[in-house]
Amino acid sequence: MMNDGKVMEAKGKTVEEAIFNGLTQMGLGIDQVDVEILQEGKGFLGLGKSATVRLTRKFSDADRAEEFLDGLFRKMGISAMAHAEETDDMIHINVDGDSTGVLIGRRGETLDSLQYLTSLVINKDSETYKRVFVDTENYRKKREETLVNLANRIAGKVAKTGRRVVLEPMNPYERRILHATLHDHPSVCTVSEGEEPYRRVIIKKKRTTQTNNK
């Protein structure tokens, strides 16, 4: 029987039994494979021949994302593995392994690059856009908590002194966290200035006519 995890040829007394045997060995459901009947299994009086089927695994977007990232990790010499879960409009990928710290990079820049590249692979030639989210070691949540605390701390300082504070350049995702955190602040507002990748958030004293801008 041929079995490389993607394609398997399985046998049984009937086609149904052959399919069942193949699915059991592959650990998949019938909706996860394409079935090709190679031999019907109809001998004389139902004896003498077995049925043979070829099962080909269907690859979902989550499978493609895992395959792309795992292949990339191997080429980079990094001991890590991607685990993807898929919904109608999003693929959430968590990376586990011994070298995941390397994948985060400075302020998550390497992680953002992996997320961007995976999104390109998944959405290439696709009629509908699917958002890709890549995380490891719960970095995204920890980073968000850090940014929320930073925004509130700087807002307090600006409200007290009246002097604006210019933060370091951040990616659009991180800037949105700062803007959202201080959107309803009574004393300060936020604006983004500069060109990518050096665009940064400025926190300053709010005027009556000012609003927070992304």
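Biologist: Why does R64 count as partly exposed?
Modeller: The relative accessibility of R64 is 27%. Buried means under 20%, exposed over 50%, and partly exposed in between (1.4 Å probe, protein chains only), so R64 at 27% is partly exposed.

Biologist: What are these values computed from?
Modeller: This is a predicted model, in which local features need pLDDT of at least 70 and side-chain atom pairs count only at pLDDT 80 or more, while totals for chains, interfaces and linings use all residues. Residues are numbered from 1 along each chain as its sequence is written, and side-chain values use heavy atoms, with hydrogens and water left out.

Biologist: What makes the contact of R64 with D61 a salt bridge?
Modeller: The closest N and O atoms of R64 and D61 are 2.9 Å apart. A salt bridge needs a side-chain nitrogen of Lys or Arg within 4 Å of a carboxyl oxygen of Asp or Glu, so the R64 and D61 pair qualifies. Both residues lie in helix 2, three residues apart, or about one turn of the helix. Helices (H or I, at least four residues) and strands (E, at least two) are DSSP runs, numbered from the N terminus.

Biologist: How do you know that E109 and R106 form a salt bridge?
Modeller: Their closest N and O atoms are 3.8 Å apart, and the salt bridge limit is 4 Å. E109 is partly exposed at 39%, whereas R106 is exposed, with a relative accessible area of 55%.

Biologist: Which parts of the chain does the salt bridge of R107 and E168 link?
Modeller: The R107 and E168 side chains meet at 3.7 Å, N to O. The pair joins distant parts of the chain, with R107 in the loop between helix 3 (100–104) and helix 4, and E168 in strand 7 (residues 165–169), 61 residues away. E168 is partly exposed, since its relative accessible area is 37%. Elsewhere, salt bridges with shared partners join D61, R64, E86 and K130 into one network. The whole structure has 14 salt bridges.

Biologist: Why is helix 2 called oblique to helix 4?
Modeller: Helix 2 (residues 61–76) and helix 4 (residues 109–123) pack at about 130°, with axes 10 Å apart. Angles under 35 degrees count as roughly parallel, over 145 as roughly antiparallel, 65 to 115 as roughly perpendicular and the rest as oblique, so helix 2 is oblique to helix 4. Axes here are lines fitted to C-alpha atoms over the stretch in contact, and angles run from 0 to 180 degrees between N-to-C directions.

Biologist: Why is T136 called buried?
Modeller: T136 has 0% relative accessibility, so it counts as buried. T136 lies in strand 6 (residues 131–136). The C-alpha atoms of T136 and N94 are 5.5 Å apart, although 42 residues separate the two along the chain.

Biologist: Which omega goes with the cis peptide bond from E196 to P197?
Modeller: Omega is near 5° for the E196 to P197 bond. P197 is in the loop between strand 8 (188–193) and strand 9 (200–205).
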